[in-house]
There are 2 protein chains.
Amino acid sequence: MQCYYNLKKVGTGHCTKVPRNSNLEKLRSGYLFPEISRHESEHLRKNPDASLIRLGIGDTTQPIPDTITLAMAEQVRGLSTIQGYRGYGAEQGNMALRKAIAGKFYQDMGIKANEIFVSDGAQCDISRLQMLLGSNVTVAVQDPSFPAYIDSSVVVGQAGELEEETGKYGNIIYMNCGPENDFFPDLSTIPRTDIIFLCSPNNPTGHAASWQQLKQLVEFAKANGSIIVHDSAYAAYIRDGSPRSIFAIPGAKEVAIEISSFSKFAGFTGVRLGWTVVPEELLYSNGFPIIKDFNRIVCTCFNGASNIAQAGGLACLSTDGYQDLCKVIDYNMENAKILVDGFTSLGWKVYGGKNAPFIWVHFPGMSSWNVFAEILKKTNIVTIPGRGFGPAGEEYIRVSAFGRRQNILEALKRLNSFL
Amino acid sequence: MQCYYNLKKVGTGHCTKVPRNSNLEKLRSGYLFPEISRHESEHLRKNPDASLIRLGIGDTTQPIPDTITLAMAEQVRGLSTIQGYRGYGAEQGNMALRKAIAGKFYQDMGIKANEIFVSDGAQCDISRLQMLLGSNVTVAVQDPSFPAYIDSSVVVGQAGELEEETGKYGNIIYMNCGPENDFFPDLSTIPRTDIIFLCSPNNPTGHAASWQQLKQLVEFAKANGSIIVHDSAYAAYIRDGSPRSIFAIPGAKEVAIEISSFSKFAGFTGVRLGWTVVPEELLYSNGFPIIKDFNRIVCTCFNGASNIAQAGGLACLSTDGYQDLCKVIDYNMENAKILVDGFTSLGWKVYGGKNAPFIWVHFPGMSSWNVFAEILKKTNIVTIPGRGFGPAGEEYIRVSAFGRRQNILEALKRLNSFL
């Protein structure tokens with residue numbers, strides 16, 4: 001048998017008879033962030049001497065405080081001793097860490113340690129959650145939003161067909177978030193869905209939902225029998241007193257799951273550690289507790305986060321570790337302020353940057369991929385085109401405030417002469 | 001609205017309107033290994049002074065060689081420096097590690113570094129692979145087998161209904177593996193399926209497929225247009241020259257994916273590191289390369305293994321690290337021999353233990369859960385009932401050879417007075 005793809009002979013001539021998953025056929029070709037990396041590499045290939053400044057992928061750059069890496073190194077070295085060796089841990093995470101997370105981030109919110117599931121990161125837990133939910137639920141997402149929500153929704157078969165004209169999937173409700181509605185969905189226009197993804201502080205717009213906004217959302221979910229999946233990966237960056245957890249809102253335990261992460265809070269993007277909160281009060285329509293299914297998925301499809309990363313997580317929540325991390329967060333937020341002030345003084349309308357390490361810059365009437373490409377070409381600065389986060393991201397670019405100070409200042413200098 | 005489950009009022013009275021995923025309703029209540037842990041805890045609760053010997057969950061117990069933890073500790077401490085800090089790595093893993101895996105495990109098999117995807121463990125990759133395949137494929141599994149294949153198959157909706165009488169899912173082909181067929185499926189009796197899961201050395205039977213057996217399987221898959229998912233997590237334990245990779249068989253690159261792990265090879269059960277090989281030659285029926293979809297899943301649903309674990313993996317494959325690990329593996333295989341000899345001298349028929357750290361003991365006519373419970377009650381030794389690995393595991397228990405020598409010897413002493 002000869003094997004062809006798009007009329008071209010492929011491989012050695014043998015095709016299996018296994019059909020491609022039709023859900024994957026509906027996915028756009030590449031996940032956003034690797035696509036950006038590809039553009040970056042391509043630019044460097046053409047301009048090998050370019051001094052690139054990366055304000056694209058929101059990757060952390062500041063060293064992890066000693067307190068934390070010392071704790072991890074001690075855990076690592078212990079693995080070479082009979083006393084310190086540990087094999088499999090609990091799939092749900094070490095109880096000491098689960099307790100520390102409950103104590104540090106959910107004090108007075110009634111979240112118990114057994115409702116906290118330690119993970120290898122928020123992105124991974126989004127997919128595990130989608131496996132749990134399956135194809136037979138309806139979802140709403142903010143537009144623009146972190147692309148993993150929609151992409152994982154496509155993978156498990158919730159999304160329907162991609163409509164080329166609008167760039168939207170037919171079965172997904174896109175909740176427009178722009179300056180006209182303070183970057184928060186106008187719930188009076190949103191139909192009921194089973195699941196509502198909400199990211200606050202939002203990636204990419206940088207908007208942190210206010211008490212009032214989250215309260216409305218919880219009421220909306222309760223009235224509709226919906227589940228909110230609240231992504232609080234950037235909560236540590238909130239400065240203005242907005243809630244850092246959906247569970248700060250009374251009644252949220254009956255309607256919400258929260259996914260969070262050490263990545264941006266502790267510079268653990270490469271170390272890999274996060275958590276998900278599934279309250280015992282959260283029930284399917286048939287009354288079955290969702291926490292039981294999530295636990296089953298965690299045990300079946302995951303095997304716990306690295307015990308080294310977990311030791312690091314525990315050190316992050318110690319008094320010293322936490323204080324040290326707050327300084328790193330302050331540093332990144334000073335970067336954000338410099339970027340906000342810089343773009344503003346260049347005459348551009350800027351959002352975000354006050355409660356999140358992302359700046360959302362408006363280029364009215366322009367294509368975001370063109371703006372991205374021009375900035376890369378002319379200034380060797382990598383940003384992210386807003387369109388990559390959804391149709392409503394057109395005309396915007398996202399600029400990350402993670403970076404070393406001299407690079408942030410240099411970036412502004414270059415933009416100054418270009419924009 | 002009041003909320004009820006099985007006629008009992010649940011929660012605070014609010015149910016969402018989100019339906020439970022019907023696939024999850026088909027799953028048995030608990031994943032095998034946590035269930036065993038539950039039995040273990042229950043036994044300890046009733047017998048707080050019991051001196052438990054754990055030969056159940058195949059968890060590693062020997063310290064990791066210094067060479068390897070020193071490399072990880074260096075990586076960790078580097079994260080506190082400007083020079084050594086690393087954020088996100090490539091989702092597919094560090095290229096140096098991918099190259100080292102290709103060089104150490106796939107030499108002369110034509111596997112390239114870009115076909116190797118580093119993961120946080122085999123169990124996690126099984127689920128990611130299932131997300132990729134989706135609900136519309138047919139699968140065959142060995143009976144008995146590692147439970148994650150069937151459970152993940154149920155989660156994504158491939159399995160059909162559980163038939164209580166047989167304990168089998170209606171849409172899964174169970175390939176019987178017992179002494180009568182040398183613990184390898186009689187392929188002449190197996191109908192075509194899209195996917196064939198094969199674990200070699202097998203967990204739980206300990207059987208390593210021979211060159212002849214794997215050759216037959218590759219031919220069978222090629223003739224049928226099937227994909228073999230070969231789990232080689234225990235390959236490092238093979239002593240008799242049987243192939244350690246499916247890719248040692250000519251033609252396998254067109255029909256197979258291999259999932260493997262540092263867990264049992266390097267004592268990384270808690271550190272979390274594994275890999276999956278997806279050859280470029282492996283194509284769907286429409287000619288599209290499967291490696292492209294797997295890459296998309298890895299980028300969308302995963303974010304790379306911990307960079308600390310990856311530094312450890314690289315050290316495992318260094319000359320010194322590898323030599324040190326071989327000694328640990330030898331130690332475990334001496335345990336296996338002691339267990340095989342011990343059970344045999346007690347008059348029981350024993351399989352496995354020659355190419356794998358598992359002993360598969362036959363108790364003709366007896367219920368495996370009863371044997372498990374009796375052994376736990378009378379000797380304080382935890383094993384695993386064969387039935388937990390599938391219907392064909394009835395009458396067997398699996399005994400793990402991971403353990404400290406004095407515990408293995410003590411276990412035999414206790415069994416001697418009991419059996």
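Analyst: Happy to! Let's begin with a term: buried area is the accessible area (1.4 Å probe) that two parts lose on being put together, summed over both. Residues are numbered from 1 along each chain as its sequence is written, while chains are lettered from A and ligands numbered from 1 in the order in which they are written. The model is predicted, so local features need pLDDT of at least 70 and side-chain atom pairs count only at pLDDT 80 or more, whereas totals for chains, interfaces and linings use all residues; side-chain values use heavy atoms, leaving out hydrogens and water.

User: What is the area buried between chain A and chain B?
Analyst: Contact here means heavy atoms within 4.5 Å, and by that rule chain A brings 102 residues and chain B brings 101 residues. Carbon and sulfur atoms give 59% of the buried area. The total buried between chain A and chain B is about 8400 Å².

User: Which helix of chain A gives the most to the side that touches chain B?
Analyst: The interface has 52 residue pairs in polar contact, both at pLDDT 80 or more (N or O atoms within 3.5 Å; within protein, one must be able to donate a hydrogen and the other to accept it, and residues adjacent in sequence count only if both atoms are side-chain atoms). Several elements of chain A supply at least two residues each, among them strand 1 (4-5), helix 3 (66-78) and helix 7 (211-224); helices (H or I, at least four residues) and strands (E, at least two) are DSSP runs, numbered from the N terminus. With 7 residues, the top contributor is helix 3.

User: Which residue of chain B forms a salt bridge with R77(A)?
Analyst: A salt bridge needs a side-chain nitrogen of Lys or Arg within 4 Å of a carboxyl oxygen of Asp or Glu. The rule finds 6 of them across the interface of chain A and chain B. For R77(A), the closest N and O atoms are 3.0 Å apart, and the partner is D66(B).

User: How many residues does the largest nonpolar core have?
Analyst: Buried means under 20% relative accessible area, exposed over 50%, and partly exposed in between (1.4 Å probe, protein chains only). A nonpolar core is a set of buried Ala, Val, Leu, Ile, Met, Phe, Trp, Tyr and Cys residues joined through side-chain atoms within 4.5 Å. F268(A) is one of those with the most contacts inside the core, and the residues F268(A) touches include F262(A), L273(A) and Y85(B). The residue count of this largest core is 271.

User: How many residues of helix 6 of chain A are buried?
Analyst: Among the buried ones are A148(A), Y149(A) and D151(A). Helix 6 of chain A is largely enclosed by the rest of the structure, because the buried count is 8 of the 8 residues.

User: Is Q158(B) buried or exposed?
Analyst: Q158(B) sits in the loop between helix 6 (148-156) and strand 6 (162-163) of chain B. Its side chain makes a polar contact of 2.7 Å with the side chain of S153(B), and a polar atom of that Q158(B) side chain lies 3.0 Å from the backbone oxygen of G134(B). Because its relative accessibility is 3%, Q158(B) counts as buried.

User: How far apart in sequence are the parts tied together by E281(A) and K253(A)?
Analyst: The side chains of E281(A) and K253(A) meet in a salt bridge (3.4 Å, N to O). E281(A) is in the loop between strand 12 (274-277) and helix 9 of chain A, and K253(A) is in the loop between strand 10 (227-231) and strand 11 (256-261), so the parts they tie together are apart in sequence by 28 residues.

User: What separates R45(A) and E42(A) in helix 2 of chain A?
Analyst: These two side chains form a salt bridge with a 3.0 Å distance from N to O. R45(A) is exposed at 56% relative accessibility, while E42(A) is partly exposed at 33%. Because they are 3 residues apart in helix 2 (residues 32-46), the separation is about one helical turn.

User: Which residue does a cis peptide bond join to D143(A)?
Analyst: Most residues other than glycine have a negative phi, and most peptide bonds are trans. Here omega is about 5 degrees.

User: What is the phi of N380(A)?
Analyst: N380(A) is in the loop between helix 12 (368-379) and strand 15 (381-382) of chain A. N380(A) is buried, with a relative accessible area of 17%. Although N380(A) is not a glycine, its phi is positive, at about 60 degrees.

Note on methods. Lists of a residue's contacts leave out its neighbours within four places in sequence.
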